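Hi everyone, thanks for coming.

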Amino acid sequence: MSGIKQPGEKKLMFFSGRAYPELAEEVADHLGVDTTPTTLRDFANGEIYARYPESVRGCDAFVIQSHTGPINQWIMEQLIMVDALKRASAKRITVIMPFYGYARQDKKSRGREPITARLMADLLKTAGADRLMSIDLHTSQIQGFFDGPVDHLFAMPVLVNYLKDKLDLETTTVVSPDTGRVRLSERWADTLGTPLAFIHKRRDLEVANQVKVSEVVGKVQGRTCVLIDDMIDTAGTICKAADALYEQGATNVVVAATHAVFSTPAVDRLKNSKISEVIVTNTLPIAEENRFDKLTVLSIAPLIARAITEVFSDGSVTSLFEGDS
């Protein structure tokens with residue numbers, strides 16, 4: 001079946017773009033529904049066409065799209081899908097972005113720069129989105145950019161449950177790769193019951209993805225360090241952070257991140273680094289050529305499905321994280 005009906009004709013319909021159908025199917029399986037059929041195709045000049053073969057009038061629509069490469073195409077496709085739902089009289093439209101595209105530009109660091117995270121929120125609102133759902137936003141302030149409810153989900157429970165069975169917590173330290181991740185790192189350290197450390201770094205503002213590591217602050221000598229981050233793009237930050245930890249006497253470095261962006265040359269850097277394991281979730285598709293022996297991919301689909309169920313049934317999304325919001 002392609003939806004769930006409740007008394008009063010309340011109906012859930014689940015839609016997926018073409019960016020990452022495998023994740024959408026996995027979420028649909030956990031929901032116990034089929035992905036609602038959607039006609040999506042490209043015109044000769046690259047413009048995108050969308051139509052829903054069955055009626056969506058009055059439904060509670062959930063539209064999932066992973067903002068992977070080519071990122072501009074898939075963002076535009078999701079906007080067009082939302083616009084089609086609005087014009088077809090869907091009652092409520094929830095946009096699900098496991099990875100929120102353009103989230104890194106969430107403030108102006110220098111003059112004459114855009115704030116693309118806000119632009120994304122405005123585009124989605126204009127298209128017709130009533131609610132947003134995303135996992136591990138680059139910064140929590142992005143929730144305030146959208147004029148409506150935002151469900152900010154956390155991958156930490158998925159990653160922590162995996163690590164608890166693999167680590168000796170008595171000799172483990174959670175490490176933030178920069179000061180911007182200290183608050184998240186504190187949550188990790190509290191959950192695992194481990195000490196916390198962080199790495200002070202400076203970026204080269206003239207060159208994208210260039211990082212200068214300054215110093216390690218915290219107890220890392222003779223310990224296993226768990227480096228956490230929201231995403232791994234070119235892996236420059238993570239690999240330099242791992243090198244700094246080994247220089248300070250760490251015996252083992254494990255990386256845990258939510259979004260595996262893996263832009264070139266991330267995979268080569270991670271393969272050739274001293275990092276013993278890289279743990280990520282499947283918020284973004286990972287091509288077969290980008291998979292390597294040290295990589296572990298955990299599924300985020302059960303978490304997304306549970307959040308959808310809570311939203312649809314007017315339950316509490318916050319309860320999924322035991323009071324964290």
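Let's start with proline 70, which sits in the loop between β5 (60-64) and α2. By the way, helices (H or I, at least four residues) and strands (E, at least two) are DSSP runs, numbered from the N terminus. The peptide bond from glycine 69 into proline 70 is cis, with omega near -10°. There's also a cis bond from threonine 264 to proline 265, with omega near 10°, and proline 265 lies in the loop between β13 (252-260) and α7 (266-272).

Quick housekeeping. This is a predicted model, where local features need pLDDT of at least 70, side-chain atom pairs count only at pLDDT 80 or more, and totals for chains, interfaces and linings use all residues. Residues are numbered from 1 along each chain as its sequence is written, and side-chain values use heavy atoms, with hydrogens and water left out.

Back to the backbone. Most residues other than glycine have a negative phi, and most peptide bonds are trans. Alanine 235 has a positive phi of about 70° although it is not a glycine, and you'll find alanine 235 in the loop between β12 (224-232) and α6 (236-247). Phenylalanine 262 has a positive phi too, about 55°, and belongs to the loop between β13 and α7. Are these two buried or exposed? Buried means under 20% relative accessible area, exposed over 50%, and partly exposed is in between, using a 1.4 Å probe and protein chains only. Alanine 235 is at 4%, so it's buried, and phenylalanine 262, at 7%, counts as buried as well.

Next, a hairpin. Strands β3 (residues 39-42) and β4 pair in the antiparallel sense over four bridges; to pair, two strands need at least two DSSP bridges between them. Threonine 39 stands opposite arginine 51 in β4. The hairpin has five residues between the strands, and there glycine 46 takes a positive phi near 100°.

Now the annotations. UniProt, in an unreviewed entry, puts a "binding site" at His138 and Asp178. They span 41 residues in sequence, yet no two of their C-alpha atoms are more than 12.8 Å apart, so they gather at one spot. UniProt positions follow the numbering used here, feature names are shortened, and annotations may be inferred rather than shown by experiment.

Histidine 138 is in the loop between β7 (131-135) and β8 (150-153). The side chain of histidine 138 makes a polar contact with the side chain of arginine 181, at 3.0 Å. A polar contact is a pair of N or O atoms within 3.5 Å; within protein, one must be able to donate a hydrogen and the other to accept it, and residues adjacent in sequence count only if both atoms are side-chain atoms. As for aspartate 178, its loop runs between β9 (172-176) and α5 (182-192), and at 13% relative accessibility aspartate 178 counts as buried.

A further "binding site" annotation in UniProt, again unreviewed, covers Asn45, Gly46, Glu47, Arg104 and Gln105. These span 61 residues in sequence, and the farthest two C-alpha atoms are 29.7 Å apart, so they do not all gather at one spot. Glutamate 47 is in the loop between β3 and β4.
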